[in-house]
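Colleague: Please bring up the model and take me through it.

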Amino acid sequence: MPQHVTEFTFLEHYAPRYGIPVPRHIPGTADVAAIRKRLEEWGGKAVVKPDVVSTGRGKAKGVVIVENVSDLMHELKRISSTDVGDRMPRLSYLEEFIPSKLEIYSAITYDTRSLCPSFTVSLNGGADVETIPDDQKATIPIDIFRGLDAYQASDLLSALSCPSGLVGILSRCFVAFWDLFVSTGLESAEINPWRVTPENKPYACDFKATVDGSNYKSRVPGIVIPEYPQDLSDFEEEMAEWNAKSHQGQAHVSDLGGKGILPVLFGGGVSTIITETLLMHGGDPMFLSDFGGNPPYERMLGTAQRCFSHRLKDARLLLILGGKANNTLIDVTFQAIADALAGWVEKHGRISIPVIVGRGGPNLISGLLAMKKTLEYLGLPYVIFGPDTPVTMVAEYAARLLHEMQGSTENHDESKKP
Amino acid sequence: MRAKSLKDLLKKGDRVAVSNITGREARKVSSVSQCYCGNITGGWALGRGGQRVETPAGDIPVFATFEELLRYTEPEKRPNKILVYSPPEAVYGEVKEIADHGGGIVETIYIVTEHVSIEVTAKIHQIAHSMKMDVVGCNTLGIINTRERVRIGAVGGDNPQESFKPGSVTVISNSGNMVNTISSYLLSSGMGTSFGIPTGKDRLILFPMKDFLSLASRDKGTKIIVLYVEPGGTYEHDAIEMMRQEGFGKPIVVYVAGEIAERKGISLGHAGSVVEGGKSSARAKMEAFDDYFGIQPYKPHHHYRKSAELSASLKRGIRVTALHHIPAAVSLLTDTIGIKRDFGGAKPLFLNPWFVNLGELGTHLPQKLALSAGTIPEPYKTSVTKKIRTAGSGTIRQPMRNCSHASSNDGATPRIYGYSLLELMKRSSFVGSLVLYLTGELPASDFEERLAELTLTASLTNGPGTISAQGAKLSASAGNSPNTAMIATLAAIGTVHGGNGAKAVDFLLDRFEGTDIDDPYAKHPGIGELASKTAFEFKQKKLSAKEAGTEYDRIPCLGHPVFRTDPINFDPREQVIRDFIEEQGKTNVFLEFYHCLVKALKENGSTPHVLAVNLDAAVACVWLGICWKSLRSGKMTTERAKDIAFVAFAIGRAAGGAAEFLDHQDFGTEMDMRIPVSECRALSGPRNL
């Protein structure tokens, strides 16, 4: 999951470092007296916002303007506990209300056509960029080595017919925005809107960004990007933690809520295709997994152990499937999965679910035979395919087998479990 | 884009250099590539200059830096293609160095590294663009040019020729695995590949789809293009725009993955598979392709009637909704448009299980789900047969750091394979306990135990001149302690001296494979015939090898340096063992086979005399007899059976080495094993520095 920077982190850490003008603010967790004092200082009008990771203009729905302490305290409490989209806020905060005569949109992202950063501006701020007509927004490429300079920014603003009194000050703000972007390892960032006061003072009044975790600059000294409440299961949380421990082999899972097939899958693309095939044919997969990337034995063992400890007791069918690997060693990965399976049975007792296996790649035969030996040792029914049978056909077969078993279970037998 | 055709990205004659070549993966991939096409002229890795990466096809020189590699490589071998395998943090520095020193030499850089930051990726693009170098990646797997049998990177894994047969389809894929997988599926439609290209699927794809398609349209060897596409980015829309504008002339079969995953809110594995904005979704890409092709996605059960309209659509291509429909869709294209298949014998893909054991469950399933084992295709079939023979099936693998089947100690009783050592001390012999420790089972009878003892006794010595005894004596002469002398004895045993027993077991297992012998100590009527057959085959092999002027495999454990000139030769130690077996009214089928074999070899003219069956053979036959039951039941691996024959000899000889040491220590003079300078001969003349 990419890491996101919200407006609250921007207000607290990023904006002061790069000299970007922002409204004054205070977290909703502060003393009531301090909050009351701030509201008075700001002229009795403020905005209550949730600190939440949201897509599009989602957060706007959770924003409320307040003009007295009683409403303020009520809204701080309400907003901090109200989902925005399907996301729970980390906290709520209070921000000075900025009166504006103009709202401006700005964003920096990497453009897949020009293969460099690009800067987009519109004088119709406060709206989703996709809803702004093309003739009311402008984009320029940025030289990755030279960066965005004030002349480029002012040319862009002039081209959009920006009031001349604002061009200079906004250009300086945009250069500061670029400095922030490139110095903190961001992948995309949006300040929307800049609210320009009647006195021609711009304030960055909302911010969101995605961090490029592969960029060492994203680990900014003194800044810890907070964790946001996510709707993750215990399994996903444990696997995410395990995944983050090493770059050797992926250990990525996403829960799907299924109750049928426990899928141990390999390869970023293949695992998606297999999961889609299972879903299409009623395979009811418990999660999507991607365990490719040539994991060493210990890594694969740990991954499989975690999958089995969370889900094997509820599974109706175990599917171990991947395409024809280029790098991943099949003997190493399959031995580890087989050992994890045997270890689980030793601890929890025998099971009798079928195991469907399909794979291709380096050291295939040793891997398949190791798996076969373990399945025989555990007395589990199995079908093992080689790379000459397409993964989608194997997935389809597994889904149909599950479907058949569920039918016969309903009719005959409820005891397919340990 | 510098390249004007796909061949400009890789062709025969291109020279490849690999960064970080001493890394785990780069080393392995380079070794396979070198065997496949031998196009790597060098590599570099910081701090590893002067090393060499060994491959079966010859060593690859390693330099400290790219600049050094260029400096010390002859001009005609300087690399025009670079494969970057460096860690993410080092990739920018590597590309900078390539650009600084490789201008005018390097044409294409393939970056395999994952997790390269988007900022660095953009910088790489700018640097390479200014130097007129193409960059493929990051996170690509390389490229393969099947027609010219060359590859860069890991495309095709450790056996590229298996999936990539020369043909007329170019596979371009966001997933490296899919290039390999799709290419192998295509073989079922009688189509091979021209190029296999994994684009990588980072946020920025530095060699985008439209550029690859543009090159593929100009590639004479490419008649059809197969695309595997994931959500994220607008590369496909750009490609379709290009195809519309330029009137693209080659048919495309495309599979777009990720639609259901998108709907379910699942994030895909690749960094660039992130949907931002409507155009980058899987659904939008599917619709864009369908619109471009002007035909509904391929339906496997639909009867496509040939018509001008169908032909016109298929000349642009068709989308498939399942991966395994690709070969059938390609067949539809070839049949409708009139493209010749690359080879005959095509058959549709089907469920072909290699191993099946559905047990009780199978009896409740309808026929179409109760699968039975199909045919394992070559070369896997041979490999399976061989592995099954050697793998054993009694136990499963597990981490063994703190556990053992062979021994245990619960704090009170040490045990060997579960038997109390204390009881063994009281009721068994040393040899009986040793058999247990080596094989996991006690000797089946006193006869077996005595046979084992005979082999150990016979292995003690063959006189002080044997290499192993000399090892002990050298050690004593140097003033070492007894354990060092025993190690010296063991160190002087090898494949030629003492190790032949393992080869004999291997040979016997090969010969006795498929026989129905349960009891190795009972007479077996077919032994003479088996020996004659073996002698005949050996003679044929020997004659063909002589004609071809090549070497041939000798039969292990025949002949003896001392007992070799009589019409019929015997090793006296082996004779004692054989006589004992006969005295007991038994036989050892393996030893009898050996004796029949030496006679048959003399009879068919392969040898001038009846060779001696030597002690190594006797040791091997005795221990193979002891292990036979466990081997037949799959409880023991053939590897263990082979090693036991060697170990039995080594145990006897190590004890013998200790005895030689004790004798030499008591009676030898200091450094008496040293050869005087006057007796040493110089085989090279003096040279000046």
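Colleague: How many helices and strands does chain A have?

Modeller: This is a predicted model, in which local features need pLDDT of at least 70, side-chain atom pairs count only at pLDDT 80 or more, and totals for chains, interfaces and linings use all residues. Residues are numbered from 1 along each chain as its sequence is written, while chains are lettered from A and ligands numbered from 1 in the order in which they are written. Helices (H or I, at least four residues) and strands (E, at least two) are DSSP runs, numbered from the N terminus. Chain A has 17 strands and 11 helices.

Colleague: What share of the residues in chain A is buried?

Modeller: A residue is buried if 20 or more other C-beta atoms, placed from the backbone, lie within 10 Å of its own. Chain A has 418 residues, and the buried share is 51%.

Colleague: How far apart are the end C-alpha atoms of helix 7 of chain A?

Modeller: Helix 7 covers residues 268–280 of chain A, 13 residues. The expected span is 1.5 Å times one less than the number of residues.

Colleague: Which residue just after helix 7 of chain A takes a positive phi?

Modeller: In helix 7 of chain A, 12 of the 13 residues are buried. Just after this helix, a phi of about 75° is taken by Gly282(A).

Colleague: Within what arc do the buried residues of helix 17 of chain B fall?

Modeller: The buried residues of this helix (430–439) are Leu434(B), Val435(B), Leu438(B) and Thr439(B). They line one face of the helix, because seen down its axis they fall within an arc (of the directions from the axis to the C-beta atoms) of 110°.
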